[in-house]
Amino acid sequence: MDNNDGTGTLDTMIIGGGQAGLAIGYYLKEQNRKFLILDENPRTGDAWRQRWDSLRVFTPAKYDGLPGAPFPADPLSFPPKDQLADYLERYAEQFELPVRQGMRVERLWREDDRYVAASNGHRWEARNVVVATGAERSPKIPEFASLLDPSIVQLHSSDYRNPGQLKDGPVLVVGVGNSGAEIGIEVCRTHRTLMAGKAGGELPVKHGRAAARFVLPLVRFAGLHVLNISTPIGRKAIPGLKAHGAPLIRTKTKDLAAAGVRFVPRVTGVDDGLPVLADGSRQDIANVIWCTGFHVDFSWMDPALLDDGGMPRQYRGVALDSPGLFFLGQDFMYAAASATLPGECRDARYLAGKIPVSVSRESAASSI
């Protein structure tokens, strides 16, 4: 295994090259720190490119920019996912951020006074590490999915691109979160569509330009400054928000019903190769799309760096008993908006001020 791939010991290693990793990279570059961003994707922004074709960002463009570079679009528009992906790629180039592509970190552990990461036969050492891998690392699919008839097309939302992937016949969309609602409204135009589960709430206004002007600024303010672990109302509300999931933002249950989507009880198992619902009925379907979210997966990290449940021991992204270890971009890490673009930028600025200077400051661009 290569030792540091020629970089020497880094001041800071950022694991994850999405918007969170780029945002904190911007602040470290401002401080003239020696750092490296490891990104598992071939291109910066690919985490967005790999999502379904019709996806548009839920936040208006005026809130979609990273520090130092406003998003180049109508402030009240909702950019397509590929436009956001290209913006992230240009952002990394504009600020000359040291991103190493195609490097999925397989192990992270601590040796003496530094951290070591292993990926693709390479080894990097750093005094500080920022884990900015986000929440969508491991798709969540029930174990009984493997018992479905092999003729049924199964896709997780992370693999779904467009209705052309589906075979003729009914579609069962499992999960009524934002992904399920957006995908359900699309596939119902070409397939008879059933949707299993219940929504965790809905934005009480119509999504669009008027909401971007008058309502979403209030939602943003609440998600950043009210519903966080530093306020009494935030500490009381966040456990319930975690339990019920995010509210439907753009596509609501009435929109789905009007489009012809039929709501059914949750899926509880499989019988004779077909999905079984909570009411005991079997559904003869041709396709299943699992819009069931993701596991937060830190199994690639040394268990000594995590709690007994395999989760970070942290406050506002600062590890409590692993000096030099930081977390960024996780759901509810500090606030309800911590996994959104505005929240990640705010948290990145905060963490950049908490990372100690442990080696001499020198330009990452000139050292890597």
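Modeller: Let us begin with the terms: helices (H or I, at least four residues) and strands (E, at least two) are DSSP runs, numbered from the N terminus, while axes are lines fitted to C-alpha atoms, for helices over the stretch in contact, with angles running from 0 to 180 degrees between N-to-C directions. This is a predicted model, in which local features need pLDDT of at least 70 and side-chain atom pairs count only at pLDDT 80 or more, whereas totals for chains, interfaces and linings use all residues. Residues are numbered from 1 along each chain as its sequence is written, and side-chain values use heavy atoms, with hydrogens and water left out.

Colleague: At what angle do helix α1 and helix α3 pack, and how far apart are their axes?

Modeller: Two packed helices are described by the angle between their axes and the distance between the axes. Here α1 (residues 19-30) and α3 (residues 81-94) pack at about 25°, with axes 11 Å apart. That makes the two helices roughly parallel, a label for angles under 35 degrees, as against over 145 for roughly antiparallel, 65 to 115 for roughly perpendicular and oblique for the rest.

Colleague: Which residues of α1 and α3 meet?

Modeller: With contact meaning heavy atoms within 4.5 Å, Q19, L22 and Y26 in α1 meet L88, Y91 and A92 in α3.

Colleague: How many residues does the largest nonpolar core have?

Modeller: In soluble globular proteins, nonpolar side chains tend to be buried together. A nonpolar core is a set of buried Ala, Val, Leu, Ile, Met, Phe, Trp, Tyr and Cys residues joined through side-chain atoms within 4.5 Å; buried means under 20% relative accessible area, exposed over 50% and partly exposed in between (1.4 Å probe, protein chains only). The largest core has 76 residues, and M13, I24, L108, M301 and L325 have the most contacts inside it. Helix α1 gives the most to this core, with seven residues. Leaving aside residues up to four places away in sequence, L325 touches several residues, including L108, V129 and M301.

Colleague: Is R49 buried or exposed?

Modeller: R49, found in helix α2 (residues 46-49), is buried, with a relative accessible area of 15%. Among the residues that R49 touches, not counting those up to four places away in sequence, are K81, D82 and E89.

Colleague: Where is E96 found?

Modeller: E96 is found in the loop between α3 and β3 (99-100), and has a positive phi of about 50° although it is not a glycine. At 56% relative accessibility, E96 counts as exposed.
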